[in-house]
Each structure stands twice: as structure tokens, then as C-alpha cells.
Amino acid sequence: MTNPVLVEITRGDIVESVHRGSVAIADAKGNIRFALGDLKSPVYPRSSLKPIQALPLLESGAAEAFGLGDEEIALACASHSSELMHTTRVASWLTRIGCVESDLACGAHPSRFEPVFEDMIKRGEKPTRIHNNCSGKHTGFLTVARHWDIATQGYEKHDHPVQRAIAKALAELTNIDTEFPWGVDGCAAPNFAVPLDAQARAFAKFAAPDALSPERAQACRRIARAMITYPELVSGTGRACAILMRSANGRAAVKTGAEGFFIAMIPELELGIALKIDDGGTRASETVIAALLDKLGVLGDGKEARQMLHAPITNTRNEVCGERRAARALTEATVSL
């Protein structure tokens, strides 16, 4: 099926470009409360999967055994900018579990925070694997392997017990009992393709976990709490996830994923959101998630968050010459609450 246009990019009075995509909003009982586009084709959540990838860290007892706080749990869910608040905490966490930077399977890449990037160039420093935006997630994987006293080498492989535990948790949350299609993510760990409606249902269970086992419910609540409490650790200074969670003021946890994916958990409404932009445009996914949070009344009044609803398009002189905005398929639709 052809997905609807969710976002328009204007220049002057003309729509210059569009982004198509799909959206699912579900409640914890499994009901789809809002739907646009194709909800049944398997799609990769990419880094939006991280809250689920963090479940074995808590459910195994590894987090408690190593004395992890909510800051480390937030980092396990992070696609961070490699600011000092991220890298120093990851380095300390690695030391706590008896691992070193070279134990991380993710590759090195430069900091996504410009002041750190420029400062490292001036000092002639090369980025390490700790600077990888997924280093917190990978340190979480290592922590589980240490706790289980199993091999840390190869922890990123699809058949490693840590990754199998993640796949099992995902299957239970989505009620899908067949093997997931999977591929290797940018950070070298497996990523599982799941229909959008099933992903929305999974994150609705994070928002309202009472029907889950006590252990899983506790883990889901703690992950959502950690993300909401430390939004900058989940993303970084000036990043969309931090901006949206700060503006929502404790009412929503959100997580972006590569290639135009976004999820949200809204505890007070007991809802989960999953969305995918067809062409992988992050700019579009940010506008769609902001529009959905606004439609549900939890976006808040933060200036930067509200600006995502009508994000200005500027030229090299910083003059506004257009905007990025939600399209009619999104703005005119209603959510069943």
C-alpha cells in the first residue's frame, strides 16, 4: 500500500517536498487507537528498540548486582552525542564491570556534539568506541554477560545468550512467536524487524505494565522513569529526544531510531506510539512525533518542542523561506482516547 503524506516541506507558498510514512498508537490491552498507513510490514526500529534491549539488564539482576543507577539505565537506552556527561559515565561503568573500551563491539566515531568534536580535533585526539552513540547500550550487554558469567566476546552476535534474551523479551511483548527477520545495526548489534502495530503495543506495555509479570513490570517502569529523568543522557544537548521529554515534563518517554523511526510511551494515557518515515528522514519523524504528542495533549509548552510542529526552513543568511509541518492526513485525524 502507499503510505500517506505525513510531513510537508514548503518554500514560499509551494510544497517543495513531502515525506510519507505510517503511524500506530496502541493501548496496553492491544487495541489500536490510531492508525495511518501500513502497520503490518516488518520494519526495523533501529535505536528505538533500545528500551527493550535494556530489559535483560534489569530482569537478569545484573543492574542490581553491579549497583547501576537510573543514569546508567538511561545510557543503556541512549543514542548519545558523546558529550563528557556520556563518555565519562560509560567509562566508569566499564571499569565497574571489569571491562575496557576494547571490549565494546561497536566501532568508534566522532562526537556528535560540535564543541567536543572541535576540541578533540584541536588536541589531536581520536574518538574511541566509548564515543559511539550506542556505547551505553553495549556496556549494558557486557554487564549482562558478566553477571551471567558467560563469554563477553561475541556478545553482539545474533546467537549470543544476551541477544537471544532480547529477542525473547521482544517476542513476549509483541505476542509474535515466530523468528523475527533481523539485520545488523550500525553499531554491530542485531536489530529485529517487527510490524508497526506490534511495536506500538509493546511500548504501550511499558507505559502501563500492570498486566505483565512483577519482574517485567518493575523493569519497564524503571526504564521509562530513567529516560524521563535523564533525557540528556538518552540523547544529548539540543537533541530532539531531550527537547521533547523536557517539554513533556515527565508525561512521556520518547526514543528516536535511525531511518525515520520514533517511539513514545505515555504512562498517564497508557499508550504506546511507533512511527516510521518511508524515506528514512529524521527531520520528518521529529515533526510527526511532536504532532502526535501535541494531539495527545502531552507535548507541553517548550519553545523548541513546539517549533518542531512548524520548523522554519532557512537559507544561508538565516532568513526563513519555508517550513516543515505536519500534513493534513496527520493534523485532521483524531485519536480515540
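Analyst: The largest pocket has a volume of about 310 Å³, where a pocket is an open set of points on a 1 Å grid over the protein atoms alone at which a 1.4 Å probe fits, with protein on both sides within 12 Å along at least five of seven lines, and the volume is the space filled by probe spheres set on the points. This is a predicted model, in which local features need pLDDT of at least 70 and side-chain atom pairs count only at pLDDT 80 or more, whereas totals for chains, interfaces and linings use all residues. Residues are numbered from 1 along each chain as its sequence is written, and side-chain values use heavy atoms, with hydrogens and water left out.

The largest pocket is lined by 22 residues, and those closest to its centre are S47, S79, R112, N133 and A258; a lining residue has an atom within 4 Å of a point. Two or more lining residues come from each of α12 (240-248), β8 (253-257) and α13 (282-295), helices being DSSP runs of H or I with at least four residues and strands runs of E with at least two. Strand β8 makes the greatest contribution to this lining, with three residues. By class, the lining holds five nonpolar, 10 polar and seven charged residues, with Ala, Val, Leu, Ile, Met, Phe, Trp, Tyr, Cys and Pro counted as nonpolar, Asp, Glu, Lys and Arg as charged, and the others, Gly among them, as polar.

For the second largest pocket, the volume is about 260 Å³, and D27, A28, K29, A208 and E270 lie nearest its centre among 15 lining residues. That lining divides into eight nonpolar, one polar and six charged residues.
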